[in-house]
Amino acid sequence: MTTMAEKNEKAEKAEKTVPMNIALVAHDHKKPDLLAWARYNKGSLQGHSLCATGTTGALLEKELGVKIKKLKSGPLGGDQQVGALIAEGAVDMLIFFWDPLEPQPHDPDVKALLRLAVVWNIPVACDRATADFLISSPLMKNGYRRIMPDFKSYLNRPAAQTKQ
């Protein structure tokens, strides 16, 4: 038989959010959208570890009043820093409001970041609608263990034979 204390403890555990490492990135014309989204979801973002690229991080920290690990600006290597964190397993989710209508001087970095998120099976939101679905998912509270890709066969493949 379950005691009342055990029921309360179980209920408390069910309500606690399992902290995630969330990276937040936005191109210049999308920063207002990301700020509005983050403001609306401030309660849901609290309790998670947040990092962001350059100016976006400073704006979010000021807007939300929470500590954000600030990386370099995207064009100065910030996108690559986020990509490295993903590859190291230090990012669980990427919220990246990129601007599809504006050419970016660092487009190869943007593509590489999105590619790494897919390679390492990280949930990615590139617009507000998708970000809303991710942040409101029950998996945000109950914890989510993503399936880690197994690259052993890729890493152990025979070296390419060269013609002599």
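Guide: In this predicted model, Leu24 has a bridge partner in β2, and that partner is Ala52.

Visitor: Over how many bridges do β1 and β2 pair, and in which sense?

Guide: Strands of a sheet can pair through backbone hydrogen bonds in either a parallel or an antiparallel way. Here β1 pairs with β2, which covers residues 49–53, and the sense is parallel over four bridges.

Visitor: Which strands stand at the edges of the sheet, and why is one side of each left without a neighbour?

Guide: The sheet is open and has five strands with parallel pairing, in the order β3-β2-β1-β4-β5. Each edge strand has a single partner strand, so one side of it has no neighbour in the sheet, and these edge strands are β3 (69–71) and β5 (124–125).

Visitor: What angle does the direction of helix α5 make with that of β3?

Guide: Helix α5, made of residues 78–87, packs on the sheet and touches β1, β2, β3 and β4 (93–97). Between the direction of α5 and that of β3 the angle is about 125°.

Visitor: Which element gives the most to the lining of the largest pocket?

Guide: The largest pocket holds about 230 Å³ of space, and its lining consists of 18 residues, with Ala26, His27, Asp28, Lys31 and Pro75 nearest its centre. Two or more residues of that lining come from each of β1 (21–26) and α4 (54–64). With three residues, the element that gives the most is α4.

How values were computed
Residues numbered from 1 in each chain as written. Predicted model: local features only at pLDDT ≥ 70, side-chain atom pairs only at ≥ 80, totals over all residues. Heavy atoms only, no water. 1 Å grid on protein atoms, 1.4 Å probe; cavity = no way out; pocket = protein on both sides within 12 Å on 5 of 7 lines; lining within 4 Å. Points joined across faces, edges and corners; volume = space filled by probe spheres on them. Pairing = 2+ DSSP bridges. Contact = heavy atoms within 4.5 Å. Axes fitted to C-alpha atoms, helices over the stretch in contact; angles between N-to-C directions.
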